Amino acid sequence: MLSEQAYRHIDREIAKYPADQKQSAVMAALTIAQGEQGWVSPDVIRDVAAYLGMPPVAVQEVATFYNMYNTKPVGRFTLSICTNLPCALQGGTEAAEHLKRTLGIDFHETTPDGLFTLVEGECMGACGDAPVMLANGTHMCCRMQPAKIDALIGELKESA
């Protein structure tokens, strides 16, 4: 199901643990699989479970417990905006509303063109830089006022 390169990356993660505990690499394996596939489908869950020698339900439990795994298809770009209290007090709620209006979607929805999925994020640990947004789970964006949000959306559209 995954590419040979993905399995090599998973093997590197497995090597970090004792030989009889390769299931300890389940989070890394799911992250690698999601990076390649875009989301963690039921087929991916079964494949990771088989590769790590664990029951699929155990992998499913991990994938659904942590909010960093997408268990449903998402857009090419996932934008997560923090609306927890520190960000909300610094404009996070307004930034979220701006994103909703600009993209024409609500939280946990994807734009019709499949480019953007919007999610409400939990604290990202950068309260001093509020409001904070995370693009594709890896790019931290700080002090996201409407003009910066619009610029980011424009850049992402251009890169698509």
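These legends accompany close-up views of a predicted model. Local features are limited to pLDDT of at least 70 and side-chain atom pairs to pLDDT 80 or more, while totals for chains, interfaces and linings use all residues. Residue numbers start from 1 along each chain as its sequence is written, and side-chain values use heavy atoms, with hydrogens and water left out.

**Figure 1. Overview of the protein chain, with seven helices and five strands.** Helices (H or I, at least four residues) and strands (E, at least two) are DSSP runs, numbered from the N terminus. Along the sequence the elements follow the pattern α-α-α-α-β-α-α-β-β-β-β-α. The C-alpha trace spans about 50 × 35 × 25 Å along its principal axes. Of the 160 residues, 41% are buried; buried means under 20% relative accessible area, exposed over 50%, and partly exposed in between (1.4 Å probe, protein chains only). A contact means heavy atoms within 4.5 Å. Among contacts between residues at least 6 apart in sequence, 61% join residues at least 24 apart.

**Figure 2. The open sheet, with strands in the order β2-β3-β1-β4-β5.** The five strands have mixed pairing, where two strands pair if DSSP finds at least two bridges between them. Strands β2 (109-110) and β5 (139-141) stand at the edges with a single partner strand each, so one side of each has no neighbour in the sheet. Strands β1 (residues 77-82) and β4 (residues 133-135) run antiparallel and are joined by three bridges. Serine 80 has leucine 134 in β4 as its bridge partner.

**Figure 3. Helices α6 and α7 lying across the sheet.** Helix α6 (residues 92-103) lies across β1, β3 (116-121) and β4, at about 150 degrees to β1. Helix α7 (residues 146-159) lies across β1, β3, β4 and β5, at about 165 degrees to β1. For these angles, axes are lines fitted to C-alpha atoms, for helices over the stretch in contact, and angles run from 0 to 180 degrees between N-to-C directions.

**Figure 4. Helix α6, its buried residues and its end.** The 12 residues of α6 reach 16 Å from first C-alpha to last, close to the 16 Å expected at 1.5 Å a residue; the expected span is 1.5 Å times one less than the number of residues. Its buried residues are Gly92, Ala95, Ala96, His98, Leu99, Lys100 and Leu103. An α-helix has 3.6 residues a turn, so residues three or four places apart point the same way. The cover over the buried residues of α6 includes β1, α5 (85-89), β3, β4 and α7. Glycine 104 follows the helix and has a positive phi, near 75 degrees.

Figure 5. The peptide bond from alanine 130 to proline 131 is cis, with omega near -5 degrees. Histidine 108 is exposed, at 63% relative accessible area. Arginine 143 is partly exposed, at 46% relative accessible area.

**Figure 6. Cysteines without disulfides.** A disulfide is a pair of cysteine sulfur atoms within 2.5 Å, and the count by this rule is zero. The sulfur of cysteine 82 has its closest cysteine sulfur in cysteine 87, 3.5 Å away and too far for a bond. For cysteine 141, the nearest cysteine sulfur is that of cysteine 142, 7.4 Å away. Cysteine 82 is buried, with a relative accessible area of 2%, and cysteine 141 is buried, with 6%.

**Figure 7. Two of the three aromatic pairs found in the whole structure.** Rings of Phe, Tyr and Trp (its six-membered ring) pair if their centres lie within 6.5 Å; planes under 30 degrees apart count as stacked, over 60 as edge-to-face and the rest as tilted. Tyrosine 7 and tyrosine 51 have ring centres 4.8 Å apart and planes at 35 degrees, so this pair is tilted. Tyrosine 7 lies in helix α1 (residues 4-14) and tyrosine 51 in helix α3 (residues 42-52), so the pair ties together parts 44 residues apart in sequence. Tyrosine 7 is buried at 12% relative accessibility, whereas tyrosine 51 is partly exposed at 27%. The rings of phenylalanine 65 and tyrosine 66 have centres 4.8 Å apart and planes at 85 degrees, so this pair is edge-to-face. Phenylalanine 65 is exposed at 65% relative accessibility, and tyrosine 66 is partly exposed at 33%.
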